Amino acid sequence: MLPDTTLDDAAALLAELQAAEETLATAESCTGGLIAAALTAVPGSSATVLAGFVTYSNEAKASMLGVPPATITAVGAVSEAVAHAMAEGARARSGATIAVSCTGIAGPGGGSTEKPVGLVFIGAANESLTLVERHVFPGDRAAIRAATVAAAFALIRRLKTGV
């Protein structure tokens, strides 16, 4: 369950995207579709949200989004390179003007010293720019996933300003 503030932020983001005549696709791993769920909880979101890809497995990342398997093998699914490829793949496959992606370790298990629980890479891509941010969010699984949604919305806004 997402906090009301997240749903309010989703509505505000959708209004901004609609005003700019932008469309959006999501490519999610560690959030399992939570970004798309927050956005599509807003009435009228279908005017902006074109597609949502939940690509939990490496095979799904490769087949649905075109993430090169060699990249996953070389740097792992939880990486800047994979978040980058996921965002670009979602944009290309959906026809959206913007795509956002996330890949990470929401826990409670699965972390390591190199890649701890809470490590999330978030990507956003448009026609001319792809940004990726690295975060290590504190808290339990629900907190990490909620923080990822909020950070994804913020990254989409950054992408729109070109910074």
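This is a predicted model: local features need pLDDT of at least 70, side-chain atom pairs count only at pLDDT 80 or more; totals for chains, interfaces and linings use all residues.
Q: Where is Thr 55 found, and what is Thr 55 in contact with?
A: Thr 55 sits in the loop between β2 (49-54) and α3 (58-65). Leaving aside neighbours within four places in sequence, Thr 55 is in contact with Glu 28, Ser 29, Ala 60, Lys 61, Met 64, Leu 65 and Met 86. Contact here means heavy atoms within 4.5 Å.

Q: How do you know that the span of helix α5 agrees with its 15 residues?
A: The expected span is 1.5 Å times one less than the number of residues. For residues 80-94 that should be 21 Å. The end C-alpha atoms of α5 are 21 Å apart, so the two agree.

Q: Which residues of α5 are buried?
A: They are Val 82, Ala 83, Ala 85, Met 86, Ala 87, Gly 89, Ala 90 and Ser 94. Just after α5, Gly 95 takes a positive phi of about 80 degrees.

Q: Which residues touch the most other members of the largest nonpolar core?
A: Of its 30 residues, these are Ile 35, Leu 39, Val 120, Ile 122, Val 149, Phe 153 and Ile 156. Helix α6 gives the most to this core, with 8 residues.

Q: What does Val 149 touch?
A: Not counting residues up to four places away in sequence, Val 149 touches Leu 2, Thr 6, Leu 34, Ile 35 and Ala 38.

Q: Which residues does the second, separate core include?
A: This core of 13 residues includes Ala 25, Phe 53, Ile 72 and Val 82.

Terms used:
Residues are numbered from 1 along each chain as its sequence is written. Side-chain values use heavy atoms; hydrogens and water are left out. Helices (H or I, at least four residues) and strands (E, at least two) are DSSP runs, numbered from the N terminus. Buried means under 20% relative accessible area, exposed over 50%, partly exposed in between (1.4 Å probe, protein chains only). A nonpolar core is a set of buried Ala, Val, Leu, Ile, Met, Phe, Trp, Tyr and Cys residues joined through side-chain atoms within 4.5 Å.
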